[in-house]
Amino acid sequence: MRGESSTTTNTDAVRPALDRESELWVERLHRDHPRHGETVARLHDVLLRIAYHELSRRRGLLGSISGPEFDDLAQQTADDALVNILRKVNEFRGNSRFTTWAYKFVIFEASGKVARHAWRTHPPSREALTWEQLPDALASAPGDRLERQEQLSALSAAIGELSERQREVFVAVALNDVPIDVLALELGSNRNAIYKNLFDARRNLRTRLADSGHPVLDEEQVG
Amino acid sequence: MTEHLDLDELLRVKDGDAGCTAGEAILDAYVDLELAGENPAVVFPGTAIHLESCPGCRADHDGLREAARRFADVTPPAG
């Protein structure tokens, strides 16, 4: 994997001028500006609305949380996002509209809080992280062609040969649908590191399958 | 040939994947390009690839795009 350094626009070298609206937001969020309090209140209001919407969108991971508990989570999400925005507003470089930049903070807060709630209330089971066998959806069936059966058998062997961390991550995320952020919390890691483990595991499995004479064809090759 | 597609999806990897951290830094610019009708993959090819494979970053991207579209008209107090 590689970064976006050559094409990323968020560097000083290519800093664009702020659009007028973004400039007003930045000016008025300055603590000495006479409209500071009003501007902060307006921003918080929209952050709270986004927090409610985003938490609802991710409701599948929030279980039965509702009523005051849900309100409290939305409030905390908006409050924490606002604190981060005010702390970092001087770093805003105008590579997007100010509002899109600010909304990113509340989306990330919601993402993190939902994952933490899901992990606390429903941590992944030991079985979800432990390699035993391919799930039924992938397991070889009696009607499968021999080529398919051999490929699945090779995949099964290759999973067993992954490093412990790569196997744990691949089994949890790819085979047992454990959310990547929940797994990161369970393993005391972070999303980027878990994704890297998953990426490396997939690449290793593809290589091992190809080396054993059972390559996985991509969409174009299958045609 | 569905069986091949299943394994291809399960083992999806693409060269040029920028990873999560790079995408987080530019996600706002990425979304603004999309909402302006431009193709963000031209400017941020590594993140476009990454979003196809990372469910966590894709969820953040989808949430931000929706928020930026729904609350596009919020302005600072006048005066």
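Predicted model: local features only at pLDDT ≥ 70, side-chain atom pairs only at ≥ 80, totals over all residues.
Residues are numbered from 1 along each chain as its sequence is written, chains are lettered from A in the order in which they are written, and side-chain values use heavy atoms, with hydrogens and water left out.

**View 1. The interface of chain A and chain B.** Here 59 residues of chain A meet 55 residues of chain B, where contact means heavy atoms within 4.5 Å. The two chains bury about 5300 Å² between them, with 59% of it on carbon and sulfur atoms; buried area is the accessible area (1.4 Å probe) that two parts lose on being put together, summed over both. Look for Glu4(A), Arg191(A) and Tyr195(A), which supply 12% of the area that chain A buries against chain B, more than any other three residues.

View 2. Five salt bridges are counted between chain A and chain B, each a side-chain nitrogen of Lys or Arg within 4 Å of a carboxyl oxygen of Asp or Glu. One of them joins Asp8(B) to Arg206(A), with the closest N and O atoms 2.5 Å apart.

View 3. Thr39(A) sits in helix H2 of chain A, helices being DSSP runs (H or I) of at least four residues, numbered from the N terminus. Thr39(A) counts as buried because its relative accessibility is 0%; the cut-off for buried is under 20% relative accessible area (1.4 Å probe, protein chains only). Leaving aside neighbours within four places in sequence, Thr39(A) is in contact with Trp25(A), Arg28(A), Leu29(A) and, from the partner chain, Pro77(B).

**View 4. The two domains of chain A.** Domain 1 spans 18-121 and domain 2 spans 131-222, with bounds from an automatic or database domain assignment. Their C-alpha centres lie 37 Å apart. Six residues of domain 1 are in contact with six residues of domain 2, and the two domains bury about 500 Å² between them, 71% of it on carbon and sulfur atoms. Zero salt bridges are counted here.

Key:
Helix = DSSP H or I, 4+ residues; strand = E, 2+ residues; numbered from the N terminus. Buried < 20%, exposed > 50% of the residue type's maximum accessible area, 1.4 Å probe, protein only.
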